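Dear colleague,

I am passing on a structure that you have not worked with before, and below it I set out what was found in it. Please read the notes with the model open beside you.

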Amino acid sequence: MINSVSVDLEFARDFIENHLDKRQVNKIQHAFPSPRYWTETEVPVQEVLKDRQKLHSMKLGTPVNLYVGVPYCIQTDPGKCGYCLFPVEAFTGNVDLEIYFDYLKREAAMYKEALQGVPLGAVFFGGGTSNLYKEPKYHELMDLVRDLFPDIPAYVDITLEGIPQLFTREKIKAIKESGMNRISMGVQQINEKLNSLSGRKQKIQHTRQTLEWAHEFGLPANIDLIFGWPQQTVATMVEDLETAISWGVYDITHYELNVGGPTDFALNRYHELPSTLSNLEMYRISRDLLKSNGYEQITAYNWRKPGDPHSRPYEEGVTRRLDTMDTLGLGYAAITFFYDVALDEGRSWSYISWRNLAEYKAKVDAGKYPVERGFRHSREDFMISLIWRNLFGLELDRAKFREAFEVDVYDVFEGVWKALEEYGFVEITTEKIKLVGDGPFYTPLIQTLLAERRYNQLREQMVAEVQGQD
Ligand SMILES: C[S@@+](CC[C@H](N)C(=O)[O-])C[C@H]1O[C@@H](n2cnc3c(N)ncnc32)[C@H](O)[C@@H]1O
Ligand code: SF4
């Protein structure tokens, strides 16, 4: 294993040097490899689920996280908010959601038996735009979750994501009463002029008002902000952050803009984007500002100010487990990960549900799992995924890693760690490898570097497969 994934020091130094000022095309990833490599169209879901049941009977208590997607978004001009790379479908009216929800329920039912007795880790209703649903649907969404997981302990984080202009007081009330216990708002820019570049009709008042309603109902609220936006300056970024801080927002997600695909920002506003080194400067300034206002960095892009009386403690298990990584994705374009060190080689999987709504529906109509494609992991792939995820959570516990993989993660990637240490991106002790300095900003670079050798192998395999078919 060590020889096939390790990268030497010279290579690592050159790689870092060559990528420091390049736009980080790969955003931070939560699992290896990227979905580009998921070529298996016949994912044996039944077999995957049988493995889960076996595992569950062997080691009770391993939780499964649940992701529930929705395909729809309000249409914008430019399309897809000008920057979004997620698969979405244009919303044409509430009937879309009614029909879709019925499919969601039918898909969930297919997993019910396999999940008997499995504890729930966390729930995320994302998308797409999950706050397009009308009030009664939040209760129905939670009924769907409770049908799969009848016992939901109070510490389970249940988040619904949405956009500011679609929240109403009634929706916030329904969200709270349904049992969801957190909202996350995609704000991107508080500055109205900058936000209007995305075609969204979002006013500052929408965000402020939603935060007030959330506060009224005791619902913790996160806001997503993006830096590296077209025409953005350090001054406008700082102004937005200071506004969020002044509103008493406890949870801020501060993403670097990911530019790519046929989006308006990539095609028509590329020249207006701050350079990568300007983005680095923005990262440093935002980090220092948030820290000096009492925020703690909990992942490469999540910041939390302690003291929200309603929030749940940050769940270390979400990013820092080194033995397992289970998320069941339900709905259009949802991603599922089923990994566990106790599984035999080749029995861990990632898969994505259909990103074409008609296909998604056709599969459910046919009584089949609506899986578009997937990837069967080797033990190395699973290991890289866990390293990536732990680094996203800012630190890697060497002892826990040794327990899971019977090898020291330092030895596996010695050249990479040494080079990263030279650049001041990591701090290495006998217990931990921690991202420090500009390290969290360069997480995508670090992830790609760690996976470089394995990516080469996968690319070669793909070429060989294509040649074999000719
Ligand atoms: C995919 S959206 C879904 C939720 C909702 N529709 C919204 O727009 O907020 C979730 C978050 O992903 C982030 N996001 C989407 N596209 C991005 C990009 N190209 N670069 C950085 N962040 C992005 C945004 O911050 C957004 O709030
Ligand atoms: S950013 Fe959100 S609202 Fe905009 S297209 Fe993407 S998912 Fe939809």
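In α4, the residues Leu97, Phe101, Leu104, Lys105, Ala108 and Tyr111 meet Lys137, Glu140, Leu144, Asp147 and Leu148 of α5, where two residues count as in contact if their C-beta atoms, placed from the backbone, lie within 7 Å. By class, the residues of this contact divide into seven nonpolar, no polar and four charged; here Ala, Val, Leu, Ile, Met, Phe, Trp, Tyr, Cys and Pro count as nonpolar, Asp, Glu, Lys and Arg as charged, and the others, Gly among them, as polar. The axes of α4 and helix α5 (residues 135-148) come within 10 Å and cross at roughly 10°, the axes being lines fitted to C-alpha atoms, for helices over the stretch in contact, with angles running from 0 to 180 degrees between N-to-C directions. That makes α4 roughly parallel to α5, since angles under 35 degrees count as roughly parallel, over 145 as roughly antiparallel, 65 to 115 as roughly perpendicular and the rest as oblique. Helices (H or I, at least four residues) and strands (E, at least two) are DSSP runs, numbered from the N terminus.

Please keep in mind that this is a predicted model, in which local features need pLDDT of at least 70 and side-chain atom pairs count only at pLDDT 80 or more, while totals for chains, interfaces and linings use all residues. Residues are numbered from 1 along each chain as its sequence is written, and chains are lettered from A and ligands numbered from 1 in the order in which they are written.

To stay with α4 for a moment, Leu97 is found in this helix, which spans residues 94-111, and Leu97 touches Tyr72, Leu132, Tyr133 and Lys137, not counting residues up to four places away in sequence. Leu97 and Tyr133 are 36 residues apart in sequence, yet 6.9 Å apart in space, C-alpha to C-alpha. Leu97 is partly exposed because 19 other C-beta atoms lie within 10 Å; a residue is buried if 20 or more other C-beta atoms lie within 10 Å of its own, exposed if 12 or fewer, and partly exposed in between, with C-beta atoms placed from the backbone.

Turning to the ligands, Thr129, Gly186, Asp224, Tyr255 and Asn258 come nearest of the 17 residues around ligand 1, a residue being near a molecule or strand if its C-beta atom, placed from the backbone, lies within 6 Å of it. The strands β4 (120-127), β6 (182-188) and β7 (221-227) each supply at least two residues of that shell, which by class has nine nonpolar, six polar and two charged residues. Ligand 2 is surrounded by Cys73, Lys80, Cys81, Cys84, Phe86, Val88, Gly127, Gly128, Thr129, Ile163 and Gly186, and this shell has six nonpolar, four polar and one charged residues.

Cys81, in the loop between β2 and β3, has a positive phi of about 55° although it is not a glycine, and Cys81 counts as buried, with 24 C-beta neighbours inside 10 Å. A cis peptide bond joins Gly127 and Gly128, with omega about 25°, and another cis peptide bond joins Asp77 and Pro78, with omega about 5°.

With kind regards
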